[in-house]
Amino acid sequence: MTMLKQASGAGNVTPSDRKAVIVGGGEAYRAEQGSDYLPGISAETVGAKALWLGVVTMPPGKRTKAHVHARHETAFYMLSGEELEMWSGDELQFRDVVHPGDYLYIPANVLHVAVNRASTPAIFIGARNEPTAQESVVLFPEMDGRIP
């Protein structure tokens, strides 16, 4: 079977076009929980139905708000940076440290906070089984104070 590609910047493509798609990426945005997203594959960029793939950056000295992703799983691969603290659990009682080269998996409905205490951005390739920019994030402001 021959797979055709669409040139970058050609606009939104639906799966009914029956061809592979190459895109330059979508418009960057700051997610409600506080990290910076640069979508590559999403509902907005290619009409994806069940997948988001892109670059996620946590700026130096920043952290996310306490949150869950109610309806989707998330996977990350840390490309660069120093390290990132990942706090998770019902009471944010678990602390793990992510380093470049590590993979990170966050199941749906797992409370978490990411903290970058370093002086450089933490940059990840991220994927989730939710294709839109307005993901299923639910904030838990009452839990934000648990993380120093």
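Modeller: In this predicted model, Met86 touches Phe94, Arg95, Asp96, Val98, Leu104, Ile106, His112, Val113 and Ala114, if residues up to four places away in sequence are left aside. Several of these partners belong to the neighbouring strand, for β6, residues 84–88, pairs with β7, residues 94–98, in the antiparallel sense over five bridges, and within this pairing Met86 stands opposite Asp96. Five residues lie between the two strands of this hairpin, and Gly89 takes a positive phi there, near 110 degrees.

Met86 also has a place in the largest nonpolar core, which holds 17 residues and in which Leu84, Met86, Val98 and Phe124 touch the most other members. At least two residues of this core come from each of β3 (52–58), β5 (74–80), β6, β8 (103–106) and β10 (122–128), with the largest share, three residues, supplied by β3. Apart from this core lies another, of nine residues, which includes Ala66, Leu92, Leu111 and Val115.

Turning to the aromatic rings, the structure holds four aromatic pairs, one of which is formed by Tyr29 and Tyr37, stacked at 5.4 Å centre to centre with 10 degrees between the planes. Tyr29 counts as buried because its relative accessible area, 19%, falls under the 20% cut-off, and Tyr37, with a relative accessible area of 5%, is buried as well. Ring pairs join Tyr29 and Tyr37 with Trp52 into a cluster, and over the ring of Trp52 sits the charged end of Arg128, 4.4 Å from the ring centre.

Among contacts with a separation of 6 or more, 68% are between residues 24 or more positions apart. Of the 148 residues in the protein chain, 39% are buried, while the chain exposes about 8100 Å², of which carbon and sulfur atoms supply 56%.

Methods: Residues numbered from 1 in each chain as written. Predicted model: local features only at pLDDT ≥ 70, side-chain atom pairs only at ≥ 80, totals over all residues. Heavy atoms only, no water. Pairing = 2+ DSSP bridges. Helix = DSSP H or I, 4+ residues; strand = E, 2+ residues; numbered from the N terminus. Buried < 20%, exposed > 50% of the residue type's maximum accessible area, 1.4 Å probe, protein only. Contact = heavy atoms within 4.5 Å. Areas by Shrake-Rupley, 256 points an atom, 1.4 Å probe, with all protein chains shown as cover. Core = buried A, V, L, I, M, F, W, Y, C linked by side-chain atoms within 4.5 Å. Phe/Tyr/Trp six-rings, centres within 6.5 Å; stacked < 30°, edge-to-face > 60°. Lys NZ or Arg CZ within 6 Å of the ring centre and 35° of its normal.
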